[in-house]
Amino acid sequence: MIKKMDKVFIIDDDPIIVYSIKRVMKEIDFSQELLEFENGKLALENLIDTKNKRQKPPDAIFLDLAMPMMNGWT
């Protein structure tokens, strides 16, 4: 049995992919908190804010590598 994660980030600009990931995660009770971001810049800002507030970072990040603005390669 997989241990339930506290916080998970989904970073993807495709709403169908985000919906699919969230649906599966909820079905298997994967995470307490599931946060979604439509680009890497928003997710990075949230990670910095989390660090500055000394909060726990996400246990897992699901990242689409090919996105506009800021992608997983740069």
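I'll start at the surface. I61, L63 and L65 form a nonpolar patch there, with about 240 Å² of accessible area together. Before going on, note that this is a predicted model.

Next, the inside. F9 is in strand β1, and with a relative accessible area of 0% it is buried. What does F9 touch, leaving out residues up to four places away in sequence? The list is L35, F37, A43, N46, L47, P58, A60, I61 and F62. I61 is on that list and is also part of the surface patch I began with. For N46, the chain separation from F9 is 37 residues, and the two C-alpha atoms are 10 Å apart.

That brings me to helix α2, residues 40–52. The helix has 13 residues and spans 18 Å from the first C-alpha to the last, close to the 18 Å expected at 1.5 Å a residue. Which residues of α2 are buried? They are G40, A43 and T50. Looking down the helix axis, these buried residues fall within an arc of 85 degrees, so they line one face of α2. Their cover includes strand β1, residues 5–11, and strand β2, residues 31–37. A43 ties this to the previous point, being among the contacts of F9.

Now the salt bridges. How many does a search of the whole structure find? Six. I will go through some of them.

Take K22 and E36, whose side chains meet in a salt bridge at 2.6 Å, N to O. K22 belongs to helix α1 and E36 to strand β2, so this pair ties together parts that are 14 residues apart in sequence. Both ends are partly exposed: K22 has a relative accessible area of 23%, and E36 is at 44%.

Another one joins the side chains of K53 and D49, at 3.2 Å from N to O. D49 counts as partly exposed, at 35% relative accessibility.

Then there is D59 with K56, where the closest N and O atoms are 2.4 Å apart. D59 is partly exposed at 37% relative accessible area, and K56 is partly exposed at 43%.

Last, the backbone. Most residues other than glycine have a negative phi. Which way does the phi of D29 go, positive or negative? It is positive, near 55 degrees, and D29 is not a glycine. D29 is in the loop between α1, residues 15–27, and β2. At 45% relative accessibility, D29 counts as partly exposed.

R54 also has a positive phi, near 55 degrees, in a residue other than glycine. Its place is the loop between α2 and β3. Is R54 buried or exposed? At 78% relative accessibility, R54 counts as exposed.

To recap: a surface patch of I61, L63 and L65, a buried F9, a helix α2 whose buried residues line one face, six salt bridges, and positive phi values at D29 and R54.

Definitions and conventions: Residues are numbered from 1 along each chain as its sequence is written. This is a predicted model: local features need pLDDT of at least 70, side-chain atom pairs count only at pLDDT 80 or more; totals for chains, interfaces and linings use all residues. Side-chain values use heavy atoms; hydrogens and water are left out. Patches are made of residues with over 30% relative accessible area and no salt bridge: like charges are joined within 9 Å, nonpolar side chains (Val, Leu, Ile, Met, Phe, Trp, Tyr) within 5 Å. Accessible areas come from the Shrake-Rupley method with a 1.4 Å probe; for residues, only the protein chains shown count as cover. A salt bridge is a side-chain nitrogen of Lys or Arg within 4 Å of a carboxyl oxygen of Asp or Glu. Helices (H or I, at least four residues) and strands (E, at least two) are DSSP runs, numbered from the N terminus. The expected span of a helix is 1.5 Å times one less than its number of residues. Buried means under 20% relative accessible area, exposed over 50%, partly exposed in between (1.4 Å probe, protein chains only). The arc is that of the directions from the helix axis to the C-beta atoms. Contact means heavy atoms within 4.5 Å.
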